[in-house]
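Dear colleague,

My notes on it follow directly after.

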Amino acid sequence: MDETDRLLLARLGSDGRASYAEIGLQVNLSATAVRRRIDRLRARGVVRGFTVVLDPAVLGWQTEAFVEVYCRERTAPEEILASLRQFPEVVAAWTVTGDPDALVHLRAADMRHLEAVIERIRREPGVQRSRSSVVLSQLIG
């Protein structure tokens with residue numbers, strides 16, 4: 001990967017809908033050359049896909065929380081993943097070190113919605129208990 005690829009990726013990262021021609025103007029390549037480079041980056045796994053970034057506040061999902069999930073013994077990460085995938089309110093989830101087995105980032109419309117989601121997660125077969133922290137304000141990011 002060279003400096004042109006890095007510039008191309010930076011442009012894609014800031015505007016995934018930019019045309020090959022628009023990107024080409026910024027990195028001094030033809031649209032065809034940009035397409036070939038993007039295709040190569042995709043084939044190598046550098047670019048895994050293209051997505052839309054939604055604004056949760058505009059969607060009305062302004063309540064945010066981080067939930068520590070404590071699972072029953074021998075609950076595999078794959079089982080945790082399968083359980084959490086069914087909840088559209090799950091923004092991200094990680095397995096972590098320490099006492100909890102997973103850390104889950106949730107978005108919801110309001111506290112009632114958030115509570116309902118947490119209760120549904122707690123009823124999942126592998127989940128023993130949870131501990132939640134509701135976000136008051138975002139400092140960085």
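This is a predicted model: local features need pLDDT of at least 70, side-chain atom pairs count only at pLDDT 80 or more; totals for chains, interfaces and linings use all residues.

Residues are numbered from 1 along each chain as its sequence is written, and side-chain values use heavy atoms, with hydrogens and water left out.

Helix H1 spans residues 3-14; helices (H or I, at least four residues) and strands (E, at least two) are DSSP runs, numbered from the N terminus. Asp5, Leu8, Arg11 and Leu12 are the buried residues of H1, where buried means under 20% relative accessible area and exposed over 50%, with partly exposed in between (1.4 Å probe, protein chains only). These residues lie on the same side of H1 because they cover an arc of only 125° around the axis, taken from the directions from the helix axis to the C-beta atoms. They pack against helix H2 (20-27) and helix H3 (31-43), contact being heavy atoms within 4.5 Å. The face of H1 turned away from the buried side carries exposed Glu3, Gly13 and Ser14.

In strand S1 (residues 63-71) sits Glu64, which counts as buried because its relative accessibility is 13%. Among the residues that Glu64 touches, not counting those up to four places away in sequence, are His105, Arg107 and Ser133.

Yours sincerely

Note on methods. The expected span of a helix is 1.5 Å times one less than its number of residues.
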